[in-house]
Amino acid sequence: MADEDNIVTHKLLGRDMQFRPVSPGQLVLINRMAQRAQRQVDEGETAAAFNSLMVKMLDLIDSLFVFEQDRQDVEDAMLAGKISLEEVQSIAFGGKTEPAPDDADPVVAPKTLRSKRPAAVAKVAKKTANPRRAAR
Amino acid sequence: MQHADVLASTRPNRVTVGCLGRHWELALSTAAQWIGAIGYDPDRLVGIFPGGVADEDLEALWECSRQLHVQPDRTGESEPETPGQLLRTQRAQLWDQNIERKWVNSARVAVARGSGRDWWWTVNLVRKVLGIWPYINGQLLLSGVDAEKLSFPSWCDAAFMLLWTSADAEGRTKLELELSMPPAGIAVAMSPKATKKMLSDFAAD
């Protein structure tokens, strides 16, 4: 995969684990296969397509771990139901799990980002508000 | 000769590329599909390859990409202590960094075959057009050029001519230069004849 300089660290199972970053080509390929598997299921085919996809997904995630102990611990945790494949996948592929955006409830910009009124504008506004001052 | 037709041979309807010991036909037919695939990642062209591979070939491509020669450890590090560590090293090397290089090289060949031009020229054109897509696509649609229906080479012709005719002399020179420039760090293979001509042109200047 990538050279050692591209190693990334993500938190999983409560500790930092090192991963080789998944490549854009691998992501595209696995996503294409996921879409194809979904189409096959939609068309009434058996779950064999998804089973095959899961095996490949696990294989890809497996190859991203730098340390064998981390891979083993995550595998054991998945078997014990302590962590899901989706969570491992999102960590290994993206580094964090983000909730899907809610179109009905868009994110509002926080107040801290509101810019202060420029000093010149504030000065003019103050003069205008007081006619006696403005007349000077 | 399969096609005694220069246009058919330089602008095939379906594009095939060789990679990992076999040929792959891309499931890209309309200009819109090619533009979308290039625009997804213009640097690495993953939308073209492996992204453009036909559905029925995905499994085979996955298996071929994994079956790479396992390189011996050249770092001089000590032997792995446990079979588990050895398995880790071998497993990690099944997805070699070389696979990315093979994929991007194949994608560049595919773009060249799909457009009938140098791949960097085509990628530069798509980048430029995507930046002003509503304008370019709108103008082309008003002229009856629909990327959803046209072949990629023909669309490239139309888009280039739209940019060309809307520019003055200086703009046309800049456009030619912009489209002909390979990306930084890319070595362009030249034939001996082209190399000789380049050197003689340089000497003449």
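Arg71(A) sits in helix α3 of chain A, where helices (H or I, at least four residues) and strands (E, at least two) are DSSP runs numbered from the N terminus. Arg71(A) has a relative accessible area of 8% and is therefore buried; buried means under 20% relative accessible area, exposed over 50%, and partly exposed in between, with a 1.4 Å probe and protein chains only. The side chain of Arg71(A) is in polar contact with that of Glu75(A), at 2.5 Å. A polar contact is a pair of N or O atoms within 3.5 Å; within protein, one must be able to donate a hydrogen and the other to accept it, and residues adjacent in sequence count only if both atoms are side-chain atoms.

The model is predicted: local features need pLDDT of at least 70, side-chain atom pairs count only at pLDDT 80 or more, and totals for chains, interfaces and linings use all residues. Residues are numbered from 1 along each chain as its sequence is written, chains are lettered from A and ligands numbered from 1 in the order in which they are written, and side-chain values use heavy atoms, with hydrogens and water left out.

Chain A as a whole contains six helices and two strands. Read from the N terminus, the order of its elements is β-β-α-α-α-α-α-α. Of the 136 residues in chain A, 32% are buried. Contact means heavy atoms within 4.5 Å. Among the contacts in chain A between residues at least 6 apart in sequence, 56% join residues at least 24 apart.

The strands come next. Lys11(A) belongs to strand β1 of chain A and, with a relative accessible area of 53%, is exposed. Leaving aside neighbours within four places in sequence, Lys11(A) touches Asp16(A) and Ile91(A). The side chains of Lys11(A) and Asp16(A) are joined by a polar contact of 3.4 Å. Lys11(A) and Ala92(A) are 81 residues apart along the chain, and their C-alpha atoms are separated by 9.9 Å. The loop between β1 (8-12) and β2 (15-19) of chain A holds Leu13(A). Leu13(A) is not a glycine, yet its phi is positive, about 55°. Its relative accessibility is 37%, so Leu13(A) counts as partly exposed.

Most residues other than glycine have a negative phi, and most peptide bonds are trans. Leu45(B) lies in the loop between α2 and α3 of chain B and has a positive phi of about 55° although it is not a glycine. At 0% relative accessibility, Leu45(B) counts as buried. Pro50(B) is also placed in the loop between α2 and α3 of chain B. The peptide bond leading from Phe49(B) to Pro50(B) is cis, with omega near 15°.

Returning to chain A, helix α1(A) has 19 residues and reaches 27 Å from its first C-alpha to its last. This is close to the expected 27 Å at 1.5 Å a residue, the expected span being 1.5 Å times one less than the number of residues. Its buried residues include Arg32(A), Met33(A) and Arg36(A). What covers the buried residues of α1(A) includes α2 and α4 (85-94) of chain A, together with α2 (31-40), α3 (58-66) and α5 (98-115) of chain B. After α1(A) comes Gly44(A), with a positive phi near 95°.

How much area do chain A and chain B bury between them? The figure is about 2,300 Å², 56% of it on carbon and sulfur atoms. Buried area is the accessible area (1.4 Å probe) that two parts lose on being put together, summed over both. The contact takes 25 residues from chain A and 26 residues from chain B. Across this interface there are three salt bridges, each defined as a side-chain nitrogen of Lys or Arg within 4 Å of a carboxyl oxygen of Asp or Glu. One salt bridge links Arg32(A) to Asp55(B), with the closest N and O atoms 2.6 Å apart. Seven residue pairs are in polar contact between chain A and chain B, both residues at pLDDT 80 or more.

On the side of chain A that touches chain B, α1 (24-42), α2 (48-64) and α3 (68-79) each supply at least two residues. The largest share, 10 residues, comes from α1(A). By class, this side has 10 nonpolar, five polar and 10 charged residues. Here Ala, Val, Leu, Ile, Met, Phe, Trp, Tyr, Cys and Pro count as nonpolar, Asp, Glu, Lys and Arg as charged, and the others, Gly among them, as polar.
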